[in-house]
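Biologist: I have a new model open and would like to learn how to read it. Where do we begin?

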Amino acid sequence: MVTPVGAASAADKPYVPTVTGAESGTDERSATINYESFLKLLVAQMKNQDPTEPMDATQQMAQLATFSQVEQTIKTNKNLESLLQRTSLQEANSVIGRTVTSEDGKISGVVTEVTLYNDGIVATLDSGKTLVIGPGVKVSETKASEPET
């Protein structure tokens, strides 16, 4: 999540994303490994169960249903991540060329470039300073400079 602080300038501590692209796939890989492990254990359990006291079919179906739900949740999360990524790109594009001002008003300028992280957007201003685009940041139309006479 983007820290709602007003800004980070070149003189201040630079913004460092808290989540990398590599880390965002870790949960999915972990859950997939756990799901595969569960299936292996279930098959082993069925092969090695006592024929005089077989596993309760209701419990078995409940376990399968639970892990099926986990798998569907993982797929849903992947789709949500994709949607959020596209929304973030649109948000980043919408601030380029506009004037942004930090919540405390100390940093202001025209956005010349944006860097998109998994947990937020950092705008580079025409002054060279950077500003985290988040709660409290004001975005306004850039006034065209008047021609010199």
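Modeller: Begin with burial. Of the 149 residues of the protein chain, 22% count as buried. Keep in mind that this is a predicted model. The accessible surface comes to about 10600 Å². Carbon and sulfur atoms account for 55% of that surface.

Biologist: How many helices and strands does the protein chain have?

Modeller: There are 3 helices and 5 strands. Along the sequence the pattern reads α-α-α-β-β-β-β-β. Take the contacts with a separation of 6 or more: 56% of them join residues 24 or more positions apart.

Biologist: Now the sheet. In what order do the 5 strands stand?

Modeller: The order is S4-S3-S2-S1-S5, in an open sheet with antiparallel pairing. From one strand to the next, the twist averages 45°.

Biologist: Which strands stand at the edges?

Modeller: Strand S4 (130-133) and strand S5 (138-140) do. Each has a single partner strand, so one side of each is left without a neighbour in the sheet.

Biologist: How do I read the pairing, strand by strand?

Modeller: Look for bridges, then for facing residues. S1 and S2 pair in the antiparallel sense over 3 bridges. Here Thr-101 has Ser-108 in S2 as its bridge partner. S2 and S3 also run antiparallel, joined by 6 bridges. In that pair, Val-111 has Leu-125 in S3 as its bridge partner. Strand S3 (residues 120-125) and S4 pair over 4 bridges, again antiparallel. There, Val-122 stands opposite Val-132 in S4, and Ala-123 stands opposite Leu-131.

Biologist: What about the turns between those strands?

Modeller: Count the residues in each hairpin. The hairpin from S2 to S3 passes through 2 residues. The hairpin of S3 and S4 has 4 residues between the strands, and Gly-128 takes a positive phi near 95° there. In the hairpin of S1 and S2, 6 residues lie between the strands. Gly-105 takes a positive phi near 80° in that one.

Biologist: Which strands does helix H3 lie across?

Modeller: Helix H3 (residues 57-95) lies across strand S2 (108-117), S3, S4 and S5. It runs at about 160° to S2.

Biologist: How should I think about a core?

Modeller: Start with the general idea. In soluble globular proteins, nonpolar side chains tend to be buried together. Now the case here. The largest nonpolar core has 11 residues in all, including Ala-92, Val-95, Ile-121 and Ile-133. H3, S3 and S4 are the elements that give two or more residues to this core.

Biologist: Which element gives the most to this core?

Modeller: S3 does, with 3 residues.

Biologist: Where is Gly-134?

Modeller: Gly-134 sits in the loop between S4 and S5. At 23% relative accessibility, it counts as partly exposed. Gly-134 is 13 residues from Ile-121 in sequence. In space the two are 7.7 Å apart, C-alpha to C-alpha.

Biologist: How accessible are Glu-141 and Arg-98?

Modeller: Glu-141 is exposed, with a relative accessible area of 55%. Arg-98 counts as partly exposed, at 30% relative accessibility.

Terms used:
Residues numbered from 1 in each chain as written. Predicted model: local features only at pLDDT ≥ 70, side-chain atom pairs only at ≥ 80, totals over all residues. Heavy atoms only, no water. Pairing = 2+ DSSP bridges. Axes fitted to C-alpha atoms, helices over the stretch in contact; angles between N-to-C directions. Contact = heavy atoms within 4.5 Å. Buried < 20%, exposed > 50% of the residue type's maximum accessible area, 1.4 Å probe, protein only. Core = buried A, V, L, I, M, F, W, Y, C linked by side-chain atoms within 4.5 Å. Areas by Shrake-Rupley, 256 points an atom, 1.4 Å probe, with all protein chains shown as cover.
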